[in-house]
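Biologist: Before we look at any detail, could you show me the model and then take me through its pocket, its core and one of its helices?

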Amino acid sequence: MPMLRHLSACLLLLLAPVTVQAQDLLLPEAFQFAPEIPRDPAIPSPEAFLGRATGESYTLHADVVRYLHAVADVSDRVAIQEYGRTYENRPLYLLTVTSPANHARIADIQAANQRLADPATPAAEAAELTAANPIITWLSYNVHGNEPSSTESALEVLYLLAAGQGAGIEALLEQSVVLIDPVLNPDGRDRYVYWYKSARAHQLRVDADDLEHDEPWPGGRTNHYWFDLNRDWMWLVHPESQGRIQHYREWMPQVHMDYHEQGFDNNYFTMPGKAPRNLELPEAYESWADMFGRASGEALARNQVNYFTRESFEFFYPGYGSSYPTMQGAIGMLSEQGGHSRGGRAVETNDGYVLTLRQRAWDHFATSMAVIEASVAHRTDLLAYQRAFFDPANSKQKTTAYLIPDDDGNGYVTDVIALLLAHGIEVERATAEFSVQGMDFWNGTSARQTFPAGTWIVPTNQARHVMIHTLMQRQMEIESKDMYDMSAWSVPLAYNLQGAAWTEEALLMARESVSEAPKRTSGVTNAGARYGYAIDWRQQGAPKALGMLWEAGYNVRAARRTFGIGEKDYSVGSIIVLKGRNRDRMAGMAADMERIAHAAGVRIEGYDVSRVDRGMDLASADARVVEEPRVVMLLDDPIGSETAGQIWYLFDRRVEWGIDRVRARRLSSLDLDEVDVLVLPPGNLSSLIDSTQSDRLGRWIRQGGVLIGSESAASFLASERSGLSSARMVRTDTEEEDESDVDEAVYTRYVDRSDSTDATRISGSAFRARLDNTHPLAAGMPESLFTLKFGTEAIEPSRSLHNVGTYDREAAQLLASGFASTENQEKLAGQTFAAVQDMGSGKVVLLLDKTQYRMFWLGPTRLLINAVMLLPGM
């Protein structure tokens with residue numbers, strides 16, 4: 001046995017990740033995790049359990065999970081709960097850390113917290129609850145997978161709270177419940193950590209240009225589908241967000257801190273941030289954020305750590321981990337540590353300082369403990385803040401309700417209602433027709449309007465009034481144009497809800513509460529039809545139904561013109577299945593239609609004859625055969641991962657129909673004869689497609705291929721760039737102006753230039769647009785659309801193009817929400833953003849604006865679906 005131990009020690013020395021000298025550099029003496037506090041020896045430390053000191057290496061998610069369970073198994077202060085699974089089946093955990101006495105009454109603590117958040121709770125009872133209930137502090141770590149130091153911090157925070165001895169730690173746990181989410185994005189974290197371990201050198205390399213500081217495409221920031229989960233707190237697209245918000249609502253913490261990393265040359269950022277702010281929040285929020293920022297700063301200053309405040313990071317967008325909690329009555333905040341994906345184990349900054357993973361972990365550890373301590377120190381005042389926050393009497397708005405007419409499953413109303421309910425927003429439904437003075441979301445004008453029974457009503461006289469107004473109002477007040485993210489997200493605009501309005505009148509209509517999210521009706525009418533079946537393409541599940549028909553081997557047609565039978569009208573693009581062209585499937589056809597209808601959530605109607613009452617007949621020549629296309633989307637460098645991931649998700653998860661994802665470098669060898677549709681997400685396409693590739697693609701298009709350019713890829717396809725289409729981009733120069741005129745902007749002071757530049761940008765604003773829904777590209781869509789605009793590019797309308805999507809021609813009416821300068825509105829009014837050019841037997845499709853942004857701006861989504869699924873056959 002002694003010999004075996006000796007051999008093991010020798011092996012460990014041979015396999016040691018770094019030299020002794022490097023070890024000293026990796027573990028600077030200054031960054032110790034509260035060594036002055038004694039620990040319970042029964043609780044394993046991260047170092048003892050993982051076999052290395054924090055900061056020597058990154059911890060794989062599986063090892064994080066093992067440590068969490070090891071602590072929870074032996075500590076009466078810690079409870080662990082799985083709240084979901086990622087797409088890659090990694091578990092998501094929430095740790096509840098508090099005193100054993102609090103654990104014994106944890107259900108009562110949660111119930112009391114819910115009572116405090118309920119405006120109906122009497123003031124006397126609320127005062128008693130405030131005096132007795134602990135403060136609830138939620139700490140979120142590693143939502144961006146390649147900002148990995150915070151998970152290492154989380155393990156040290158957990159260890160101190162679980163094992164720390166003495167009156168100080170015990171007082172914190174008696175007066176607080178600390179909720180720790182150690183890894184919000186396990187898939188992204190492991191993508192980064194596995195890569196880093198594979199690229200790491202034995203000799204420590206601190207040069208930021210070294211391989212181990214340069215992660216490959218798509219990077220670890222995002223989740224499985226390359227979505228930024230720190231933009232999804234509000235929209236709940238992904239399982240990570242869905243599970244987290246369900247538990248968040250059960251707890252309703254008073255304090256939330258979100259831990260991130262930024263570029264390695266940056267000093268530590270702590271609260272408060274900069275403008276613009278969500279002005280729906282109570283004024284007291286700013287002073288609370290400042291208090292927590294000062295507490296964090298003091299913790300860093302004690303160890304001479306560089307930090308700054310107020311100069312970066314705004315919390316205007318509602319889907320951040322720092323902003324979402326503020327709309328749920330918490331003091332939501334952000335901490336940003338220098339490091340990020342290029343931090344490695346140690347990296348030299350631009351001032352010659354060596355920033356270590358050990359310090360990055362310590363910095364977040366120090367501010368985590370400072371936040372917990374400050375929460376306890378201000379416990380009753382923070383509970384009182386949340387209590388007042390939820391009182392609708394404190395609302396800053398006059399709107400009494402937002403009104404959403406039902407769309408019979410043809411739009412996104414069911415998605416919106418489900419989203420609101422998931423956040424705890426109370427929704428009602430009119431049981432009879434009613435009239436109110438309402439403001440229309442399309443025009444923003446007031447008129448007496450009549451709404452039918454079944455209209456959805458979102459009253460604002462409820463606890464979540466701040467969240468409702470933030471999500472639903474047409475235009476948020478914007479105090480600064482210096483935005484980190486988008487400037488518009490109004491739900492009725494993003495989901496293109498037709499006829500939506502808001503009112504300031506008292507709600508006197510007959511209505512009932514809604515407790516469950518609605519479901520789209522589905523099924524088959526006249527399943528035994530003699531002649532064929534039709535599926536209205538306006539239904540949200542119609543593309544999924546088409547994919548299922550293809551999968552089942554059906555001969556399918558799509559209507560190039562509208563038609564109607566009895567009271568039922570069908571849009572362009574509607575799907576027709578003729579029994580006479582599917583004789584080999586006749587026996588099981590009725591059963592297939594029932595199966596597809598229910599799985600896709602659509603209504604299918606059966607008909608006994610081809611003749612219709614209005615428009616083209618079912619067997620008309622304008623019912624074009626649409627065969628299943630082979631679709632290829634290019635990805636990897638030089639393509640950006642964000643839009644590529646959204647397109648992948650759209651088809652893989654929402655349509656549930658597969659497309660091929662091909663690395664961009666394979667384009668030159670790709671057999672285009674086997675491809676029907678080629679999708680180009682935005683990226684540096686000029687480095688990928690030279691004149692030889694352009695000629696090759698041009699021949700393929702003329703032979704029947706469909707080339708789709710998304711966002712900047714659409715402008716790349718313009719005549720003045722790749723020449724793959726005759727489309728021309730709107731000119732941005734001013735050469736027609738008098739050359740003697742001097743642009744006043746040249747006199748902008750240096751200190752003001754950033755704000756001046758921001759004022760000329762368009763950062764995710766909602767523009768009013770018109771669609772030609774007689775064209776297959778806009779099949780199944782309404783004529784009006786709110787399109788999401790980033791940047792100032794547009795396509796010149798031209799007779800050589802089908803100008804399917806155009807911005808409102810009236811510049812004064814163009815901007816619906818967000819910010820765009822008057823000059824930009826005038827330049828863009830009436831221009832084209834969605835176009836098709838016929839080239840030989842094929843087509844070039846230009847989709848300049850974002851069609852599926854973050855999978856919440858869903859109004860334009862059908863443009864891309866139609867381009868991929870319908871245009872090859874139409």
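Modeller: A pocket, on a 1 Å grid over the protein atoms alone, is an open set of points where a 1.4 Å probe fits, with protein on both sides within 12 Å along at least five of seven lines, and its lining residues have an atom within 4 Å of a point. This is a predicted model, in which local features need pLDDT of at least 70 and side-chain atom pairs count only at pLDDT 80 or more, while totals for chains, interfaces and linings use all residues. Residues are numbered from 1 along each chain as its sequence is written, and side-chain values use heavy atoms, without hydrogens and water.

Biologist: Which helix gives the largest share of the lining of the largest pocket?

Modeller: The lining has 32 residues, and those nearest the pocket's centre are Asp-415, Arg-520, Tyr-649, Arg-654 and Leu-858. Among helices (DSSP runs of H or I, at least four residues), α15 (413-422), α18 (542-551), α20 (641-655) and α26 (861-869) each supply at least two lining residues. The largest share, five residues, comes from α15.

Biologist: Which residues touch the most other members of the largest nonpolar core?

Modeller: Such a core joins buried (under 20% relative accessible area, 1.4 Å probe, protein chains only) Ala, Val, Leu, Ile, Met, Phe, Trp, Tyr and Cys residues through side-chain atoms within 4.5 Å. Among its 258 residues, the most other members are touched by Trp-235, Tyr-495 and Phe-651.

Biologist: How wide an arc do the buried residues of α14 cover?

Modeller: In α14 (residues 379-389), the buried residues are Arg-379, Leu-382, Leu-383, Tyr-385, Gln-386 and Phe-389. They lie on the same side of α14 because their arc, taken from the directions from the helix axis to the C-beta atoms, is only 155°.

How values were computed:
Buried means under 20% relative accessible area, exposed over 50%, partly exposed in between (1.4 Å probe, protein chains only).
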